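Subject: Structure for you to look at

Hi,

Here is the structure I promised, with the sequence alongside. My notes follow below.

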Amino acid sequence: MVQTSHLLLRAAMVAAVAVLATSYSGTIAVAQQFAAYTEDPAVSEPAPDHQPAEAYARQMVPFHTNEAPGTIIVDTAERYLYLVQPNDMAVRYGIGVGRLGFQWSGVERVSRKEEWPDWTPPPEMLGRQPYLPRFMAGGPGNPLGARALYLGHTEFRIHGTNQPETIGHAVSSGCIRLDDADVIDLYNRVQVGAKVVVRQSAHVS
């Protein structure tokens, strides 16, 4: 009887430790998620080693279109953003795009531009990810990155990212993201009022 009691007590202790471990692990996971948004804001520019894959590196390319120079054309299938230049040329940037269920297409205008923008997740995003902060001041730890181009009256933006490894993938909630060095370059070239054409991908991978 004594041996049985000891076995039952031991089993109860193991179960209690397992519950505590699970709870502690969950706490760590949430803490890590918040930590991803709170990097040192003292850094003023993106680190030089934060570069997208070579296939998505910024470059000047031949590009024929009837759109006027200064127009932004986003091709979500190719994962490229093109800034139209004169003489059938464009500056091409690698991008991250909306994941399945969050893609869109259409024509908008750049309604405003922000350096190191603040981030306030919309209610729909908070409903899906309630652990997100309700507000985050601009800085290198901010998911909007170094610059943002706001598109009309929509919730969508062309913005930077503190996760350059996501360039070339369908990962966002509909926004178009660039490596921080690239979004700074684009920001400096684009004027408020610029036309933005978004072509939706036929598939997401």
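What does the accessible surface of the protein come to, and what share belongs to carbon and sulfur atoms? The total is about 11400 Å², and carbon and sulfur atoms account for 58% of that.

Please keep in mind that this is a predicted model. The mean pLDDT is 77, and 72% of the residues reach 70 or more. Where pLDDT is low, the predicted coordinates should not be read in detail.

**Overall fold**

The protein has 3 helices and 11 strands. Along the sequence they run α-β-β-β-β-β-β-α-β-β-β-β-α-β. Of the 205 residues, 41% are buried. Take the contacts between residues at least 6 apart in sequence: 64% of them join residues at least 24 apart.

**Salt bridges**

The whole structure holds 5 salt bridges. One pairs Asp185 with Arg58, with the closest N and O atoms 3.8 Å apart. Asp185 sits in helix 3 (residues 180-189) and Arg58 in the loop between helix 1 (2-35) and strand 1 (59-62), so this pair ties together parts 127 residues apart in sequence. Asp185 counts as buried because its relative accessibility is 17%, under the 20% cut-off. Arg58, at 38%, counts as partly exposed. Both residues belong to a network of salt bridges that links Arg58, Asp182, Asp185 and Arg189.

Another bridge joins Lys195 and Glu67, at 3.0 Å between the closest N and O atoms. Lys195 is in strand 11 (residues 195-199), while Glu67 is in the loop between strand 1 and strand 2 (72-75), so the pair connects parts 128 residues apart in sequence. Lys195 is partly exposed at 24% relative accessibility. Glu67 is partly exposed too, at 25%.

Arg112 and Glu114 also meet in a salt bridge, 2.9 Å from N to O. Arg112 has 40% relative accessibility and counts as partly exposed. Glu114 is partly exposed as well, with 31%.

**A buried arginine**

Have a look at Arg157 in strand 8 (residues 157-159). Arg157 is buried but has no salt bridge. The nearest side chain of opposite charge is Glu155, 4.7 Å away. Leaving aside residues up to four places away in sequence, Arg157 touches Leu144, Ala148, Leu149, Tyr150, Leu151, Cys175 and Ile176.

Best wishes

Conventions. Residues are numbered from 1 along each chain as its sequence is written. This is a predicted model: local features need pLDDT of at least 70, side-chain atom pairs count only at pLDDT 80 or more; totals for chains, interfaces and linings use all residues. Side-chain values use heavy atoms; hydrogens and water are left out. Helices (H or I, at least four residues) and strands (E, at least two) are DSSP runs, numbered from the N terminus. Buried means under 20% relative accessible area, exposed over 50%, partly exposed in between (1.4 Å probe, protein chains only). Lys and Arg count as positive and Asp and Glu as negative; His and the chain ends are not counted. A salt bridge is a side-chain nitrogen of Lys or Arg within 4 Å of a carboxyl oxygen of Asp or Glu. Contact means heavy atoms within 4.5 Å. Accessible areas come from the Shrake-Rupley method with a 1.4 Å probe; for residues, only the protein chains shown count as cover. pLDDT is the predictor's confidence in each residue, from 0 to 100.
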